[in-house]
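My entries follow the structure.

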Amino acid sequence: MPTAVVIPCLNEEATIAATCRSLGFGKDRPDAPEDTYLVLVDNNSTDRTWDVLQDIKGRSPKHSVVLSREVERGFVPARHRGVVATQDLAAELKVPLDEFVVLQADADTAYADGYAATMARAISSTQNVLAEGISTPPTSFLQRCSEYYANAQEVDRSMHGIVVEDDL
């Protein structure tokens, strides 16, 4: 199942290359994840993010990375621009939209090997689903930022009635 990983980028020159490498792109290797495309959206950055995105595209298999720009700052406009770019990609590949998986990712995160393929497999047997990957903070973060984490946990508890529990 074709999969697009959409990543909005706002002043991410320091982190985006490592994020893309963790997803299998930008490594000067011809073996990016099969049937997976990276959609990178520059969200009107003021640093060298656009240059880094172009380098990632140049170091990835041909046609596996799509670059786009969104001048209106914010997650919603940038993620929307990524979805529009994915729709254009699906049309170019002649793949019906309902057969295309769109994963939203963050520009400052390291993803586990096979992340995109694992997520695509997990949702491929359903339609119109929103899946969310979660992570557990490292112990060192919990020790340094215990008050922040306690506040985040309190917000999560307040959302309990509207969030579906994990089956883990």
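Ground rules first. This is a predicted model, with local features needing pLDDT of at least 70, side-chain atom pairs counting only at pLDDT 80 or more, and totals for chains, interfaces and linings using all residues. I number residues from 1 along each chain as its sequence is written, and side-chain values use heavy atoms, without hydrogens and water.

**Strand β1.** I took helices (H or I, at least four residues) and strands (E, at least two) as DSSP runs, numbered from the N terminus. I checked both faces. Thr3, Val5, Ile7 and Cys9 are buried on one side, and Ala4, Val6 and Pro8 on the other.

**Its partners.** I counted strands as paired if DSSP finds at least two bridges between them. β1 runs parallel to β2 (residues 36-42) over 7 bridges. There, cysteine 9 has aspartate 42 as its bridge partner. β1 also pairs with β4 (residues 101-104), again in the parallel sense, over 4 bridges. Alanine 4 faces valine 102 of β4.

**Aspartate 108.** I found this residue in the loop between β4 and α4 (115-123). Aspartate 108 counts as exposed because its relative accessibility is 54%. Its C-alpha lies 8.1 Å from that of alanine 18, 90 residues away along the chain. Leaving out residues up to four places away in sequence, I list contacts (heavy atoms within 4.5 Å) from aspartate 108 to Glu12, Thr15 and Thr19.

Notes: Buried means under 20% relative accessible area, exposed over 50%, partly exposed in between (1.4 Å probe, protein chains only).
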